[in-house]
Amino acid sequence: MLRGATTFKLALVVVAASLLAACSSTKEEAPAPVVTAPTSSIKPGSADDFRVNVGDTVFFDTDAHSIRSDAQTVLQKQAAWLKQYPAAKLMLEGHCDERGTREYNLALGDRRAYAVKEFLVSLGVDAARLQTKSYGKERPVCSESDDSCWQQNRRGFSVIAAGAGS
Amino acid sequence: MKTIGSKFFARAAFALASLALAAFATPAFAALEIKLDQGVAQPIPIAITEFLGANARDQQTASQIAGVVRGDLERSGLFQPLDPRSFIEKVTNFGAIPRFADWRGIRAQGLVTGQATLLPDGQLKVDFRLWDIFGEQQMVGLTFSTTAENWRRLGHLIADAIYERLTGEKGYFDTRIVFVSESGPKIKRRYRLSIMDQDGANPSFLTGGEFIVLSPRFSPTTQAITYMSYERTTPSVFVFDLQTGQREVIGQYAGMTFAPRFTPDGNRVVFSYSRDNNVDVYVADLRSRRPVRLTQDPGIDTSPSFAPDGSRVVFNSDRGGSPQLYVMNADGSGQMRISPPGQGRYTTPVWSPRGDLIAFTKQAGQTFAIGVMRPDGSGERILTQSFSDEGPTWSPNGRVILFTRTTPGRGGVGGGSTIWSIDLTGKNERKVITPGEASDPAWSPLNR
């Protein structure tokens, strides 16, 4: 959600700059507008690079921990990035929707985090660079009680724990 | 809510003496009795008089104590305390025999009288009597004394004595509830370990809310709580000492430990440990800290709860494809499923302190329910049902269950959790008073 808001803000800046450009064409003394590309400020190898250009979230089916094909695509990009930046380490969080009891969901989130870890290891990532942590249903990203939110909350979330360039 | 001080948990000394009126010492027959197994269709009308005090200060304490008694008995759903304004007889002499006809006139079946005296040494002495109006006899006459600051507990002890005399079972009013206070938006929830009296009085926080804490449970034998906390990188099971305020992890484990409960002797904790991508049930002695593994299955094995005699453990496993209830012997042998096939998903089993029932959460269709079944899986009864009811805990007498109810989040509203109580008969569903949103209640044993 935070990510969406940031992108939206960047887009606004670009639009404002374009309008300025349109106006400026009629005025000789106006300075040429400087339009910054949204991703140019992101340093390769940084946490932002990982989050924006690789993707930090994969989704799961209800009460399942198998890695879906859409998740495989994201995790392949994560593995490639980890290969490029060998100092980086990840904390792999497992999360659940609210349609399960607290303790069972802690275990299910644990399985999801492990499933992500095992998939990354199968792609050649050193297991020592990957930690796991389950949050069960305690840290949702979406708080509506509907299918759309529940899907967003059934997720594996990869966080740079160490070794990212700043 | 005040923050914990160790003094708060200093054990209070209570003295107890029996009061007898010679003429009424041995009731041959009591008309006023409650059969708990059938539940009560109509709560018993009971008159709880303002307790007497010799001076203004004593009078104030006396009437506050009567208020505690009234509140406890009313919330039990078994009693209907009558409005003191309807009383015909104004009791002014604790020693006198009441005018039974006056109390029959307002339909009272029971009458509670009392008096409180603050002694020069700071002790508070309370005498009370329970009268059977139709049997025209005294049923209970007791004197309690303790330090004055413990006046609420005297009220609970009196309510317990009345409950016990009329139902034949131990009361549960002189108890506490540990729970998780929740605040803030759902996506950034703050969790604090909390404790309060059973009636919501004296709430205090045990942790500051810097990290997630879940699933607190009382020790059956000491002033301690076991719970799960995120204060270390690896979420772990801790024990919190209520007398010192100290907390300690139960051992060094390579993976997450969670879902803890004390064993009935209070010497060990049974819990789940995630090791090499497999969640199993372990039990660890709190002194040697040596863990013993009880389950080996590749499925999720969690939420273990010992039978009160220590012989068996009920737990939750998805080894058959979906979460179901299983029972095993205390050493892990003889694991067998008890929840019925094709009925739904069963989680969070808790063995009743009486040993006769197991309470659980059942998820079927779009609802979550709290139910009970016998330890062999027979006799399932659903007690409550909503969008989300989960995590039952038993009163120490096995008659009342507390649980967490969460409302659905819609349009940014709702989604909060509160604690509810339900009688074992499925009657008297009530919201429990907590200082804010709350979850994961666990009932203390009877205070001693």
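Biologist: Which residue in β21(B) is the bridge partner of B:Thr302?

Modeller: Before anything else, please keep in mind that this is a predicted model. In β21(B), the residue that partners B:Thr302 is B:Asn316, and this bridge belongs to the pairing of β20(B) with β21(B), which runs in the antiparallel sense over four bridges. The hairpin of these two strands has five residues between them, and there B:Gly310 adopts a positive phi near 80 degrees.

Biologist: What does β21(B) pair with in the antiparallel sense over six bridges?

Modeller: That partner is strand β22 of chain B, residues 324–329, where the bridge partner of B:Asn316 is B:Leu325. In the hairpin of β21(B) and β22(B), with six residues between the strands, B:Gly321 has a positive phi near 120 degrees.

Biologist: Is strand β21 of chain B mostly covered or mostly open?

Modeller: Strand β21, residues 312–317 of chain B, is mostly covered, since five of its six residues are buried.

Biologist: Turning to the two chains, how much area do chain B and chain A bury between them?

Modeller: The size of an interface is often given as the accessible area lost when the parts come together. Here chain B and chain A bury about 3,200 Å² between them, with 49% of that on carbon and sulfur atoms. Of the area that chain B buries against chain A, B:Ile187, B:Asn277 and B:Ile300 supply 18%, more than any other three residues. In terms of contacts, 48 residues of chain B touch 30 residues of chain A.

Biologist: How many residue pairs are in polar contact between chain B and chain A, and which elements give two or more residues to the side of chain B that touches chain A?

Modeller: There are 24 residue pairs in polar contact between chain B and chain A, counting pairs with both residues at pLDDT 80 or more. Elements that give two or more residues to that side of chain B include β12 (213–218), β20 (301–306) and β34 (437–443) of chain B. The residues of this side divide into 17 nonpolar, 19 polar and 12 charged.

Biologist: Why does the salt bridge of B:Arg345 and A:Asp63 join two chains?

Modeller: The side chains of B:Arg345 and A:Asp63 meet at 2.7 Å, N to O. B:Arg345 lies in strand β24 (residues 345–351) of chain B, whereas A:Asp63 lies in the loop between β1 (57–59) and α3 (69–84) of chain A, so the pair joins two chains. A:Asp63 is partly exposed, with a relative accessible area of 25%.

Biologist: Are B:Glu390 and A:Lys137 buried or exposed?

Modeller: B:Glu390 and A:Lys137 are both buried, and they form a salt bridge whose closest N and O atoms are 2.4 Å apart. This pair crosses between chains, from strand β28 (residues 389–394) of chain B to the loop between β3 (130–136) and α5 (147–153) of chain A.

Terms used. Residues numbered from 1 in each chain as written. Chains lettered and ligands numbered in written order. Predicted model: local features only at pLDDT ≥ 70, side-chain atom pairs only at ≥ 80, totals over all residues. Heavy atoms only, no water. Salt bridge = Lys/Arg side-chain N within 4 Å of Asp/Glu carboxyl O. Buried < 20%, exposed > 50% of the residue type's maximum accessible area, 1.4 Å probe, protein only. Contact = heavy atoms within 4.5 Å. Buried area = accessible area lost by both parts, 1.4 Å probe. Polar contact = N/O pair within 3.5 Å; in protein donor to acceptor, adjacent residues only side chain to side chain. Nonpolar A, V, L, I, M, F, W, Y, C, P; charged D, E, K, R; others polar. Pairing = 2+ DSSP bridges.
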